[in-house]
Amino acid sequence: MTWFRKSIERGKSFILHQLKQGATPEGLARTCAVGVALALFPALGTTTVLCFLVGTVMRLNQPTLQVVNYMLAPVQLFLIPVFLKLGAWIFSVPAVSLNPRTVVSEFFNSPSAFFVNFGLAGLMAMVAWLVVMPVAAFAVYLILKGLFTGIQKVRE
């Protein structure tokens, strides 16, 4: 737990440093909100590149975007099963089993069926992410904008 707390503290000090360096509360809140949304994308190993590409197109602060991305990696792992189940619910299909024994058994019994089933489940999880993230990112933006504006006023 100490490592997690240290990471959070480093992240907070990095964000505060960005405000001291002249980042606007709105711009920093927008970068963090986009970072939160992209960091929770339900496909492992894709978020760094996704953050880089979206950040470049939107002209966001890349270091801040990546710090948010890396800070939320444990949350992403926790939310993947949630998005898998939500995606299955959206499409009214049974959710794939995440029991390790079942997953391994399915893989060895029929690798092609395994990849089809889990590939479709992954796509449905991404659809669930697309449904949830715009609202969540907007809420994060509003909260952080208020928070960063308050911090900046206190510092002035």
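Mentor: Start with a term: two residues are in contact when they have heavy atoms within 4.5 Å. This is a predicted model, in which local features need pLDDT of at least 70 and side-chain atom pairs count only at pLDDT 80 or more, while totals for chains, interfaces and linings use all residues. Residues are numbered from 1 along each chain as its sequence is written, and side-chain values use heavy atoms, with hydrogens and water left out.

Trainee: Which residues is Thr47 in contact with, leaving aside its neighbours within four places in sequence?

Mentor: With those neighbours set aside, Thr47 touches Leu38, Ala39, Phe41, Asn69 and Gln76. For the chain, take contacts between residues at least 6 apart in sequence: 70% of these join residues at least 24 apart.

Trainee: Is Thr47 buried or exposed?

Mentor: Buried means under 20% relative accessible area, exposed over 50%, and partly exposed in between, with a 1.4 Å probe and protein chains only. Thr47 has a relative accessible area of 9%, so this residue is buried. Of the chain's 156 residues, 33% count as buried.

Trainee: How many helices and strands are in the chain?

Mentor: Both are DSSP runs numbered from the N terminus: helices are H or I with at least four residues, strands are E with at least two. The chain has 7 helices and 0 strands, giving the pattern α-α-α-α-α-α-α along the sequence. Thr47 belongs to helix α3.

Trainee: Which elements have the lowest and the highest mean pLDDT?

Mentor: pLDDT is the predictor's confidence in each residue, from 0 to 100. Among the elements, the lowest mean, 75, belongs to helix α1 (residues 2–20), and the highest, 96, to helix α3 (residues 47–58). For the chain the mean is 90, and 97% of residues reach 70 or more.

Trainee: How many disulfides does a search of the whole structure find?

Mentor: A disulfide is a covalent bond between the sulfur atoms of two cysteines. Here the term is applied to a pair of cysteine sulfur atoms within 2.5 Å. The search finds 0 disulfides. Cys32 is in none, and the nearest cysteine sulfur, that of Cys51, is 11 Å away. Cys51 is likewise in no disulfide.

Trainee: Are these cysteines buried or exposed?

Mentor: Cys32 has 4% relative accessibility and therefore counts as buried. Cys51 is also buried, with a relative accessible area of 0%.
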